[in-house]
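User: I'd like to learn how to read a structure, one feature at a time. Please give me the general idea and then the case at hand.

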Amino acid sequence: EDAQIKSGFFLDALRERTLAGWVAANVLTETRLASPSPATGRSDGRTRLGGRDWRWTREVQATAASGIRRIDIRVFAGDASGPSATLSGFAGSALSR
């Protein structure tokens with residue numbers, strides 16, 4: 001029985017990380033496709049996926065390369081204090097040439 005409980009917790013944690021990763025990927029993709037590109041700085045939002053509420057933060061930073069920005073996404077399950085997923089990427093006109 002103890003093994004079943006541990007297995008259940010593992011599967012719940014895996015599902016949470018997977019869904020949070022999808023939320024992060026969606027936010028990163030939406031940011032890359034936004035026109036005009038988002039200004040540097042921090043923003044946040046909420047979304048629902050997989051029957052759960054998610055909260056995300058996005059930080060857009062300038063880089064040393066002209067026209068390229070770094071995008072850092074953190075996704076939280078509900079009101080959790082620690083992120084369930086993080087994702088970083090880059091966007092900019094110089095990447096699409």
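User: Let's start with L11: what does its relative accessibility make it count as?

Analyst: L11 comes out at 48% relative accessibility, so it counts as partly exposed. Keep in mind that this is a predicted model, where local features need pLDDT of at least 70 and side-chain atom pairs count only at pLDDT 80 or more, while totals for chains, interfaces and linings use all residues. Residues are numbered from 1 along each chain as its sequence is written, and side-chain values use heavy atoms, with hydrogens and water left out.

User: Which element holds L11, and which residues make a nonpolar surface patch with it?

Analyst: L11 sits in helix α1. Helices (H or I, at least four residues) and strands (E, at least two) are DSSP runs numbered from the N terminus. Together with F10 and L14, L11 makes a nonpolar surface patch of about 290 Å². A patch takes residues with over 30% relative accessible area and no salt bridge, joining like charges within 9 Å and nonpolar side chains (Val, Leu, Ile, Met, Phe, Trp, Tyr) within 5 Å. The areas come from the Shrake-Rupley method with a 1.4 Å probe, and for residues only the protein chains shown count as cover.

User: How do the elements of the protein run from the N terminus on?

Analyst: They run α-β-β-β-β, which is one helix and four strands. Strands pair if DSSP finds at least two bridges between them. Here β2 (residues 52-62) and β3 pair in the antiparallel sense over nine bridges, and β3 pairs with β4 (residues 85-92), also antiparallel, over eight bridges.

User: Why is β3 largely enclosed by the rest of the structure?

Analyst: Seven of the ten residues of β3 (residues 68-77) are buried, so the rest of the structure largely encloses this strand. For the whole protein, buried residues make up 26% of the 97 residues.

User: Which residues have the most contacts inside the largest nonpolar core?

Analyst: The general idea is that nonpolar side chains tend to be buried together in soluble globular proteins. A nonpolar core is a set of buried Ala, Val, Leu, Ile, Met, Phe, Trp, Tyr and Cys residues joined through side-chain atoms within 4.5 Å. The largest one here has 14 residues, and V23, W54, I73 and V75 have the most contacts inside it. Helix α1 (2-33), β2, β3 and β4 each supply at least two residues of this core, with α1 giving the most, six residues.

User: What does V75 contact beyond its neighbours within four places in sequence?

Analyst: Contact means heavy atoms within 4.5 Å. The partners of V75 include A20, V23, W54, W56 and A85. A85 is in strand β4 and, at 11% relative accessibility, counts as buried. Not counting residues up to four places away, A85 touches R17, A20, G21, I73, R74 and V75. A85 and E16 are 69 residues apart in sequence but 8.8 Å apart in space, C-alpha to C-alpha.

User: How many salt bridges does a search of the whole structure find?

Analyst: A salt bridge is a side-chain nitrogen of Lys or Arg within 4 Å of a carboxyl oxygen of Asp or Glu. The search finds four. One of them joins D79 and R46 at 3.7 Å, N to O. D79 lies in the loop between β3 and β4 and R46 in β1 (residues 41-49), so this pair ties together parts 33 residues apart in sequence. Both D79 and R46 are exposed. Another pairs D72 with R70 at 3.0 Å; D72 is buried at 16% relative accessibility, whereas R70 is partly exposed at 33%.

User: Where is there a cis peptide bond, and which residue takes a positive phi in the hairpin of β2 and β3?

Analyst: Most residues other than glycine have a negative phi, and most peptide bonds are trans. The bond from S35 to P36 is cis, with omega near 0 degrees, and P36 lies in the loop between α1 and β1. In the hairpin, which has five residues between its strands, G67 takes a positive phi near 80 degrees.

Technical notes:
Buried < 20%, exposed > 50% of the residue type's maximum accessible area, 1.4 Å probe, protein only.
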